[in-house]
Structure formats: C-alpha cells, structure tokens
Amino acid sequence: APAKLFVTNNNSFIDSPFCPMQQSIPLTPLSLFLTFLKAGGLTLGDGYATIHPVRRALVEKYGWTDEESFTNDLATVQAMPGIFNINLATYLGKQLLGWKGSLAALAGMVLPPFVLLLLFATFYNNLREWAFFRSFLMGARPAIIALLVLSCIQVGKKSGVTLSTVWIPVLAAILIGLLGVSPTYIILGLAALGVLYGVIVLSKE
C-alpha cells in the first residue's frame, strides 16, 4: 500500500505508512483549536470520554500524530496531577505546535464546557424540572460508558496487551476502582516494574 502523508511539528508533510490520514489539513493553531473544539470540547461526559474523539481526529482523520506517539502521550498525561482533559489538550498541543498549540488546544477544549456551565448555572433550576432534560441525561450515560470502553479497547490493542499481560490492566482497574488507589501511583509503579524487567530480563537475552 502506498505511504500516507504525515504532518510533522514544523507543519511539513512526509511519507509515513503508519498514518491512515483521510484529509490533508495543515497543522496550524486555528485547525488545532477547531479540532479540539469539535473532538474534545463538545464531548459529553468526563475528561476520559474525550480520548476516543481526540485520538480519532489526531491519528486517523488528520494524521497529525501516530498511534504509538498518542498512546505514549496519553500515558504521560494520565500520570500528571490535575484535570485530565485540560492536561490532555495542553500536552498534546505542546507536542504538536509548541506553546501556541497548547493555547489553541486548551481554548478549544474548555470553551464549550465554560459556556455550557454558565448556561446551566443560570437555568439549571428550570431545566431539572423539564422531563426532556432528565431523559437526555439518562440516555447520555450509556453512550459515555461506551466511549470509555471503546477508548480502552483501542488503546489496549496498540499497547501490546496480550493474554499473558492482560492481568496488569485488570489489576490496575481493580486497585483504582475498588480500592481507591491513585492512578498516578499505579502508573509510576508499573513504570518502575517495566524498567526492572528491561534491566534484569531483557539485558540477559
């Protein structure tokens, strides 16, 4: 199959077989702002629900990064303290276009929630009595869960998870969900184990 064009940080195009890009849109602060405005800022649910639309836009649709880089960046963002979707936009924007990219991606991510928050704060007392609004929130919950599950499956496929290592994310989910262990500690602990495995086991091969 012919190689696809891939947009680098300096806004040039190179041949890459790893980037199934469908649209050749130049990477600029404006295009990055609009991407996060659509892919991240308008996504219902918590910050983790933005993973799938952001990954789909950056990796599959525009080819501004590849799957491996996105997965590595996602792991880095997860280890950061603070609000996940804000960290995600800031970090990915920085990786793509420097500080201008950070500002553009962050603005696109937070503008819709900020506007909606103002509207809800003003009209929520009236909206919560509206049957249609309550039905909308109830219907949105399963869709949000589906987005989270889909993101986990897609990232897991690209992270090299196999039948022999699937116990690691399962154990991590149990520690976080049932025992309340911070995801930061889980990531740091697994990273340390990965380093030890590389030093002790792989160095002998």
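# Reading a chain of helices

Modeller: Let's start at Cys152, which sits in helix H5, residues 131-158. Keep in mind that this is a predicted model.

Colleague: Okay. Is Cys152 buried or exposed?

Modeller: The cut-off to remember is that a residue counts as exposed over 50% relative accessible area and as buried under 20%. Cys152 comes out at 58%, so it is exposed.

Colleague: Let's step back. Which elements does the chain have, and how do they run from the N terminus?

Modeller: You read them off in order: β-β-α-α-α-α-α-α-α. That comes to two strands and seven helices.

Colleague: How much of the chain is buried?

Modeller: Buried residues account for 30% of the 205 residues. Counting contacts between residues at least 6 apart, 52% join residues at least 24 apart.

Colleague: How do I read a nonpolar core? Which residues have the most contacts inside the largest one?

Modeller: The general idea is that nonpolar side chains in soluble globular proteins tend to be buried together. Here the largest nonpolar core has 24 residues, and those with the most contacts inside it are Leu32, Phe36, Val54, Leu58, Trp64, Phe70 and Leu92. At least two residues of this core come from each of helices H1 (29-39), H2 (51-61), H3 (67-78) and H4 (84-127). H4 gives the largest share, ten residues.

Colleague: Leu58 is on that list. Where is Leu58 found, and what is it in contact with?

Modeller: Leu58 belongs to helix H2. With a relative accessible area of 1%, it is buried. Setting aside neighbours within four places in sequence, its contacts are Leu32, Thr35, Phe36, Gly63, Trp64, Thr65, Phe70, Leu92 and Leu96. Take Leu92 as an example: it is 34 residues from Leu58 along the chain, yet their C-alpha atoms are separated by 9.5 Å.

Colleague: What about the rest of H2? How many of its residues are buried?

Modeller: Eight of the eleven, so H2 is largely enclosed by the rest of the structure. The buried ones are Ile51, His52, Pro53, Val54, Arg55, Ala57, Leu58 and Val59. After H2 comes Gly63, with a positive phi near 65°.

Colleague: Now two helices together. At what angle do H2 and H3 cross?

Modeller: Roughly 145°, and their axes come within 10 Å. H2 passes H3 in a right-handed crossing. Ile51, Val54, Arg55, Leu58 and Val59 of H2 make the contact with Glu67, Phe70 and Leu74 of H3. By class, that contact has six nonpolar, no polar and two charged residues.

Colleague: Those H2 numbers jump along the helix. Why do residues three or four places apart point the same way?

Modeller: An α-helix has 3.6 residues a turn, so residues with that spacing point the same way. On the H2 side of this contact, Ile51, Val54 and Leu58 are among the residues taking part.

Colleague: How do H3 and H4 pack, and which residues make the contact?

Modeller: The angle is about 135°, and the axes are 9 Å apart. H3 and H4 are therefore oblique to each other. This crossing is right-handed. On the H3 side, Phe70, Asp73, Leu74, Thr76, Val77 and Gln78 take part; on the H4 side, Phe84, Asn87, Leu88, Tyr91, Leu92 and Gln95 do. The classes come to seven nonpolar, four polar and one charged.

Colleague: One last residue. Is Ser31 buried or exposed?

Modeller: Ser31 lies in helix H1. Its relative accessibility is 12%, so Ser31 counts as buried. Beyond residues up to four places away in sequence, Ser31 touches Ile25, Pro26 and Trp64. Ala105 is 74 residues from Ser31 in sequence, and their C-alpha atoms are 9.3 Å apart.

Definitions and conventions
Residues are numbered from 1 along each chain as its sequence is written. This is a predicted model: local features need pLDDT of at least 70, side-chain atom pairs count only at pLDDT 80 or more; totals for chains, interfaces and linings use all residues. Side-chain values use heavy atoms; hydrogens and water are left out. A nonpolar core is a set of buried Ala, Val, Leu, Ile, Met, Phe, Trp, Tyr and Cys residues joined through side-chain atoms within 4.5 Å. Buried means under 20% relative accessible area, exposed over 50%, partly exposed in between (1.4 Å probe, protein chains only). Helices (H or I, at least four residues) and strands (E, at least two) are DSSP runs, numbered from the N terminus. Contact means heavy atoms within 4.5 Å. Axes are lines fitted to C-alpha atoms, for helices over the stretch in contact, and angles run from 0 to 180 degrees between N-to-C directions. Angles under 35 degrees count as roughly parallel, over 145 as roughly antiparallel, 65 to 115 as roughly perpendicular and the rest as oblique. A crossing is left-handed if the near helix is turned anticlockwise from the far one by less than a right angle, and right-handed if clockwise. Ala, Val, Leu, Ile, Met, Phe, Trp, Tyr, Cys and Pro count as nonpolar, Asp, Glu, Lys and Arg as charged, and the others, Gly among them, as polar.
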